[in-house]
Amino acid sequence: MFTIEQCVMCGCKDVPNQTLTIPMNMQGIVSVDVLGAKCSNPDCLEEYYDSETTELVRKIKKLTYDGLTLDK
């Protein structure tokens with residue numbers, strides 16, 4: 001896991017690691033839970049994911065759009 005020292009959006013220094021839900025909204029896949037971090041400022045709530053997680057989500061969406069489902 002990684003540590004976020006400060007939220008780049010609002011400057012808050014409380015950005016704890018937690019399980020985050022990424023909506024997928026594709027046939028058969030509503031969402032995925034991933035490890036990430038989320039700003040605790042209620043006016044911000046910016047979410048952070050590592051690049052590996054982001055790339056996996058992109059690959060799942062690409063595979064789904066390239067013929068495994070009818071969603072586009």
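**Note on the predicted model**

1. Order of the elements. Read from the N terminus, the elements of the protein follow the order β-β-β-α.

2. Confidence. The average pLDDT of the protein is 86, and 88% of the residues score at least 70.

3. In general, the strands of a sheet pair through backbone hydrogen bonds, in a parallel or an antiparallel manner.

4. Strand 1 and strand 2. These antiparallel strands are joined by 8 bridges. Met 26 is placed opposite Ile 29 of strand 2. The hairpin formed by strand 1 and strand 2 has 2 residues between the strands, and Gly 28 adopts a positive phi near 85° in this hairpin.

5. Strand 2 and strand 3. Strand 2 (residues 29-38) and strand 3 also run antiparallel, and they are joined by 2 bridges. Lys 38 stands opposite Glu 47, a residue of strand 3. The side chains of this pair are linked as well: Glu 47 forms a salt bridge with Lys 38, in which the closest N and O atoms are 3.8 Å apart. Glu 47 is partly exposed, at 27% relative accessibility, and Lys 38 is likewise partly exposed, at 22%.

6. Leu 45 is located in the loop between strand 2 and strand 3. Although Leu 45 is not a glycine, it has a positive phi of about 60°. Its relative accessibility is 40%, so Leu 45 counts as partly exposed.

7. Gly 36. Is this residue of the sheet buried or exposed? Gly 36 belongs to strand 2 and is buried, with a relative accessible area of 0%. Its C-alpha atom is separated by 7.0 Å from that of Asp 50, a residue 14 positions away along the chain.

8. Salt bridges. The count for the model comes to 2 salt bridges. One of them is the pair of Glu 47 and Lys 38 described above; in the other, the side chains of Arg 58 and Glu 55 meet at an N to O distance of 3.5 Å. Arg 58 and Glu 55 both lie in helix 1 (residues 51-68), where they are 3 residues apart, or about one turn of the helix. Arg 58 is exposed, at 53% relative accessibility, whereas Glu 55 is partly exposed, at 35%. In general, side chains of opposite charge can pair when their charged atoms come close.

9. Cysteines. Cys 7 is buried, with a relative accessible area of 2%. Cys 12 is buried too, with a relative accessible area of 18%; the limit for a buried residue is under 20%.

10. The protein as a whole. Of its 72 residues, 25% count as buried. The protein exposes about 5200 Å², of which carbon and sulfur atoms supply 53%. Among contacts with a separation of 6 or more, residues 24 or more positions apart account for 48%.

Notes. Residues are numbered from 1 along each chain as its sequence is written. This is a predicted model: local features need pLDDT of at least 70, side-chain atom pairs count only at pLDDT 80 or more; totals for chains, interfaces and linings use all residues. Side-chain values use heavy atoms; hydrogens and water are left out. Buried means under 20% relative accessible area, exposed over 50%, partly exposed in between (1.4 Å probe, protein chains only). Two strands pair if DSSP finds at least two bridges between them. Helices (H or I, at least four residues) and strands (E, at least two) are DSSP runs, numbered from the N terminus. A salt bridge is a side-chain nitrogen of Lys or Arg within 4 Å of a carboxyl oxygen of Asp or Glu. Contact means heavy atoms within 4.5 Å. Accessible areas come from the Shrake-Rupley method with a 1.4 Å probe; for residues, only the protein chains shown count as cover. pLDDT is the predictor's confidence in each residue, from 0 to 100.
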